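User: I have a model open and want to go through it with you. Can we take it piece by piece?

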Amino acid sequence: LTKERIIDKCKEVGISKYFFITAILMERPWQFFAVFLNTIVPNIYHWKAKAENHLRRSGLNYAIVRPPGLVGDEKDFKATEYSID
């Protein structure tokens with residue numbers, strides 16, 4: 001399934017909140033890291049941007065998360081009430 005079809009299906013079955021974990025530097029695809037990723041997976045940033053835009057137009061309540069690289073050890077992180085499954 002493409003991300004667009006997943007978004008459409010969520011809307012169809014009545015899911016009200018959608019969290020989309022995408023990639024850092026989506027707004028700057030010419031940066032070295034983004035260009036590097038695009039050479040590993042051709043046009044990955046194009047497809048991610050397309051899915052983000054589809055989500056924005058979907059009418060769903062959404063959050064787009066663009067995580068940077070995680071650093072540190074377990075001791076550096078604090079538990080929260082949130083989880084990702």
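User: Where does A51 lie?

Analyst: A51 lies in helix α3. Helices (H or I, at least four residues) and strands (E, at least two) are DSSP runs, numbered from the N terminus. Before we go on, this is a predicted model: local features need pLDDT of at least 70, side-chain atom pairs count only at pLDDT 80 or more, and totals for chains, interfaces and linings use all residues. Residues are numbered from 1 along each chain as its sequence is written, and side-chain values use heavy atoms, with hydrogens and water left out.

User: Is A51 buried or exposed?

Analyst: A51 counts as buried, because its relative accessibility is 1%. Buried means under 20% relative accessible area, exposed over 50%, and partly exposed in between (1.4 Å probe, protein chains only).

User: What does A51 touch?

Analyst: Leaving out residues up to four places away in sequence, A51 touches K3, E4, I7 and F20. Contact here means heavy atoms within 4.5 Å.

User: How far apart are the C-alpha atoms of A51 and F20?

Analyst: They are separated by 9.1 Å. Along the chain, A51 and F20 are 31 residues apart.

User: And what else does F20 touch?

Analyst: With residues up to four places away left out again, F20 touches K3, K48, A51, E52, L55, A63, I64 and V65.

User: Which residues make up the largest nonpolar core?

Analyst: Seven residues: I7, C10, Y18, F20, A51, L55 and L60. A nonpolar core is a set of buried Ala, Val, Leu, Ile, Met, Phe, Trp, Tyr and Cys residues joined through side-chain atoms within 4.5 Å. There is also a second, separate core of five residues, which includes L25, M26, A34 and Y45.

User: New topic. Where is E52, and is it buried or exposed?

Analyst: E52 sits in helix α3 (residues 44-58). E52 counts as buried, because its relative accessibility is 2%.

User: What is E52 in contact with?

Analyst: Neighbours within four places in sequence aside, E52 is in contact with F20, T22, M26, I64 and R66. The side chains of E52 and T22 are joined by a polar contact of 3.4 Å. A polar contact is a pair of N or O atoms within 3.5 Å; within protein, one must be able to donate a hydrogen and the other to accept it, and residues adjacent in sequence count only if both atoms are side-chain atoms.

User: Which side chains meet E52 in a salt bridge?

Analyst: R56 is one, at 3.1 Å, N to O. R66 is another, at 2.6 Å, N to O. The E52 and R66 pair links distant parts of the chain: E52 is in helix α3, R66 is in the segment after β2 (61-65), and they are 14 residues apart. A salt bridge is a side-chain nitrogen of Lys or Arg within 4 Å of a carboxyl oxygen of Asp or Glu.

User: Where do R56 and E52 lie relative to each other?

Analyst: Both are in helix α3, four residues apart, about one turn of the helix. R56 is partly exposed, with a relative accessible area of 37%. R66 is also partly exposed, at 30%.

User: How many salt bridges does the whole structure have?

Analyst: A search of the whole structure finds five. One of them joins E27 and R28, with the closest N and O atoms 3.6 Å apart. E27 is partly exposed at 43%, and R28 is partly exposed at 34%. E27, R28, E52, R56 and R66 are linked in a network of salt bridges.

User: Switching to backbone angles. What is phi of L25?

Analyst: Phi of L25 is near 65°, a positive value in a residue other than glycine. L25 lies in the loop between β1 and α2. L25 is buried, with a relative accessible area of 13%.

User: And what is phi of N43?

Analyst: Phi of N43 is near 60°, again a positive value in a residue other than glycine. N43 is found in the loop between α2 and α3. N43 counts as partly exposed, at 47% relative accessibility.

User: Why flag those?

Analyst: Most residues other than glycine have a negative phi, and most peptide bonds are trans.

User: Last one. Which residues make the nonpolar surface patch?

Analyst: F32, F33, F36, I40 and V41 make a patch of about 530 Å². I40 is in helix α2 (residues 32-40). Patches are made of residues with over 30% relative accessible area and no salt bridge: like charges are joined within 9 Å, nonpolar side chains (Val, Leu, Ile, Met, Phe, Trp, Tyr) within 5 Å. Accessible areas come from the Shrake-Rupley method with a 1.4 Å probe; for residues, only the protein chains shown count as cover.
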